[in-house]
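This report considers the pockets of one protein model and then one of its helices.

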Amino acid sequence: MNKAVRKAVIAGNWKMNKTPSETTALIGEMKPLVKDADCDVVLCVPFIDIPAAIEAAKGSNIKIGAENVHFKASGAYTGEVSADMLKEAGVEYVVIGHSERRTYFGETDQTVNLRSLAALNAGLKAIICVGETLEQRELGYTETILKFQTKMALTNVTKEQLKNVIIAYEPVWAIGTGVTATADQADEGNGFVRAAIAEAYGADVAETVTIQYGGSMNAGNADELVSKVNVDGGLIGGASLKAVDFSKIVAAASK
Ligand code: PEP
């Protein structure tokens, strides 16, 4: 394993939180706290907050992402937002296939793949989420699920495009529950994802891909999680809504 070739990325996922004015205030608070980060710092915000976030983050090391993207370029898809729209708005990253999208909004491995391709073809960086449910873990299917979801999400993604892919291993049972995977469970899950990438693209390529852990990562447990060889940063929900907590996670990933 060669963690030195991969850059840690700490990405906040604000979910359906913060208005535009609250966005401006929170990013204003965060900027001085994360300015010395030795990792990439990303905030993925609701669509409506994107202009405020981009304006507030100007001149800082904070990059802005969206929380979803549609797979069609344009057309009769009421309520959806295309990759070109995001790109032109100044967005650099987009979360795809978050478990809340899969659970509440009918995302499938196929639509996750299509959305990933649309994002990558538009020049966005895709943060693709994979993860097993508690039932799947208890039945012993964690490796099977993670490898399947990873390979499905990356279908038709070229080796060149893979440079713009981050995978976030997010056990469904750990998201927003306060239950964090142990550092060893996170490392093992990320290892399964890396093995799936190695099977599809070769071991050398797999070593270069950033694989985050997500699921109740916070200021108290980030140090141990990101110290693991396969954990290249995190996708952070709740703790990314608090400037000090988020900055402590960024500091942990900067060591
Ligand atoms: C997430 O939204 O991706 C997430 C990991 O949430 P939380 O940190 O709140 O568990």
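How many nonpolar, polar and charged residues are there in the lining of the second largest pocket?

## Basis of the model

The model is predicted, with local features requiring pLDDT of at least 70 and side-chain atom pairs pLDDT 80 or more, while totals for chains, interfaces and linings use all residues. Residues are numbered from 1 along each chain as its sequence is written, and side-chain values use heavy atoms, without hydrogens and water.

## Pockets

The lining of the second largest pocket comprises eight nonpolar, three polar and six charged residues. Nonpolar here denotes Ala, Val, Leu, Ile, Met, Phe, Trp, Tyr, Cys and Pro; charged denotes Asp, Glu, Lys and Arg; the others, Gly among them, are polar. This pocket has a volume of about 270 Å³, and of its 17 lining residues Leu162, Lys163, Val165, Thr208 and Thr210 lie nearest its centre.

A pocket is an open set of points on a 1 Å grid over the protein atoms alone, where a 1.4 Å probe fits, with protein on both sides within 12 Å along at least five of seven lines; lining residues have an atom within 4 Å of a point. A volume is the space filled by probe spheres set on the points, which are joined across faces, edges and corners.

The largest pocket holds about 420 Å³ of space. Its lining has 17 residues, with Phe47, Glu67, Asn68, Arg101 and Phe105 the closest to its centre; seven of the lining residues are nonpolar, five polar and five charged.

## Helix H8

Just after H8, Gly202 has a positive phi of about 100°.

Key:
Helix = DSSP H or I, 4+ residues; strand = E, 2+ residues; numbered from the N terminus.
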